[in-house]
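Let's walk through this protein together, with the sequence and the model side by side. The tour starts with a helix contact and then moves on to the aromatic rings.

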Amino acid sequence: MARFEHTVSVAALDRGWFEEAAGTMVGLLDASREGRDGAVLLADGRAVDGLRLLKGRHLQPGAHYASAPEPPESSAPPETAPALGAAPVSAAAPVSEAAVLREWRPSRSIEVESLLEEASLSVRMRIRLRDPLAPGALELSLSGHHPQGGSLHRISGRGRADLAAWWAAVDRLPAAPPAARPPVSGKAVHRLGKARLTVTPRPAEDGSWRVCVALGVRGRWLLRPVGAVALFFARGAVTRGFREAVESAAEQWNTALAELTPLHGEALRAEIAEALTEPDGPEAL
C-alpha cells in the first residue's frame, strides 16, 4: 500500500458556535414552506436559491426536489420532470440533479439521497446527519458510473465523521497522544484499486488545531505490481499534489472561520438566510 500523510495547522472551531450555526440552519429550513411552482420559501417569504419541490409534500419523507438551474422554456414543465432514478424524458431535458428526502426529524436525524447525472457521469449519494441540532455524526455513501461504461467505469465509497469523537480529540491536552481512532474516515473502491482517507485532529499549544490527513492507496488484482512500478516513478509528484490539496483546504477553512465565527444570534441567522436565498451569498455556506 502507498501511504501519503500531511499535517497542517488550522484555526480551532468553537463547538458552541458550530452547534449554534447548525441549529440555526436546520431551524430556518424546518420553518420553510412550499410556494408557487414548487419554490421553497423561508418564513420571511424569500425563496431558497436553486431548490424546487417536484413531488410529494415539503419536508416529508419521499419528497422529491430539484436543485439544478431552471430548464429552458422548451423543456418539460416541472410537473413532468422525472423522479430520482428515472430515465430522462428526452435528450433536451435530462435530469441533471435531483434529491429525495428520506428522513426529516431535526431532533434525531436528517437523511437525503441525491442523484447527479451528466453525459459521462452518474453519481448517487446518500447523506445522513445524526442529531442535527447539535450534530453528532455525518455519514455518507456514494456510487458512480459511466452511463455507457462497464465495471471499469464504476466506483463506490463510504465515509463517516464522528463529531463527538472529534470534539473529544481536540479537548485533550496538547501533550497527550493523538486519538487512537481517526474521527473522520472514508474509503473508495474501484475494480482496480482501493483508497482510504483519515483525518485526525489534536490541539496545539497556541490554541489552534494540528490536523493530520492520511491517504492510503492499494491496487487490486494484477494492478498491484504495475501500480507499484508506476508509483515508484510518480511518487514525488503525487506527494506534492496531495500536500498542496491539504494546504489549500486548510487555507479555505481558516478564511471561512475568520469571516463567520464573529457572528452570533440574529446576525448569524441573517447571514445563513442570505446564503440560502442569494445566488451570490457567502460561499462558505
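Helices (H or I, at least four residues) and strands (E, at least two) are DSSP runs, numbered from the N terminus. T24 is found in one of them, helix α1. Please keep in mind that this is a predicted model, in which local features need pLDDT of at least 70 and side-chain atom pairs count only at pLDDT 80 or more, while totals for chains, interfaces and linings use all residues. Residues are numbered from 1 along each chain as its sequence is written, and side-chain values use heavy atoms, with hydrogens and water left out.

**The protein as a whole**

The protein has four helices and 13 strands. Of its 285 residues, 34% count as buried, a word that stands for under 20% relative accessible area, with exposed meaning over 50% and partly exposed in between (1.4 Å probe, protein chains only). Contact here means heavy atoms within 4.5 Å. Among contacts with a separation of 6 or more, 51% come from residues 24 or more positions apart.

**Where α1 meets α4**

How do the axes of helix α1 and helix α4 cross? The axes of α1 (residues 15–30) and α4 (residues 265–277) come within 10 Å and cross at roughly 55 degrees. These axes are lines fitted to C-alpha atoms, for helices over the stretch in contact, and angles run from 0 to 180 degrees between N-to-C directions. The two helices are therefore oblique to each other: angles under 35 degrees count as roughly parallel, over 145 as roughly antiparallel, 65 to 115 as roughly perpendicular and the rest as oblique.

On the α1 side, the contact is made by W17, E20, A21, T24, M25, L28 and L29, and on the α4 side by G265, L268, R269, I272, A273 and L276. These residues divide into nine nonpolar, two polar and two charged. In this scheme Ala, Val, Leu, Ile, Met, Phe, Trp, Tyr, Cys and Pro count as nonpolar, Asp, Glu, Lys and Arg as charged, and the others, Gly among them, as polar.

T24 is buried, with a relative accessible area of 14%, and touches R269 and I272, not counting residues up to four places away in sequence. G265, in helix α4, is partly exposed at 36% relative accessibility. From G265 to A21 is 9.1 Å, C-alpha to C-alpha, although 244 residues separate them in sequence.

**The aromatic rings**

A search of the whole structure finds five aromatic pairs. Rings of Phe, Tyr and Trp (its six-membered ring) pair if their centres lie within 6.5 Å; planes under 30 degrees apart count as stacked, over 60 as edge-to-face and the rest as tilted. Two of the pairs are set out here.

| Pair | Centres | Planes | Type |
|---|---|---|---|
| F18 and W167 | 5.9 Å | 55 degrees | tilted |
| W166 and W209 | 5.7 Å | 65 degrees | edge-to-face |

F18 lies in helix α1 and W167 in helix α2 (residues 163–170), so this pair ties together parts that are 149 residues apart in sequence. F18 is partly exposed at 22% relative accessible area, whereas W167 is buried at 6%.

The other pair also links distant parts of the chain, with W166 in helix α2 and W209 in strand β13 (residues 209–219), 43 residues apart. W166 is buried at 14% relative accessibility, and W209 is buried at 5%. Finally, ring pairs link F18, W166, W167, W209 and W253 into a cluster.
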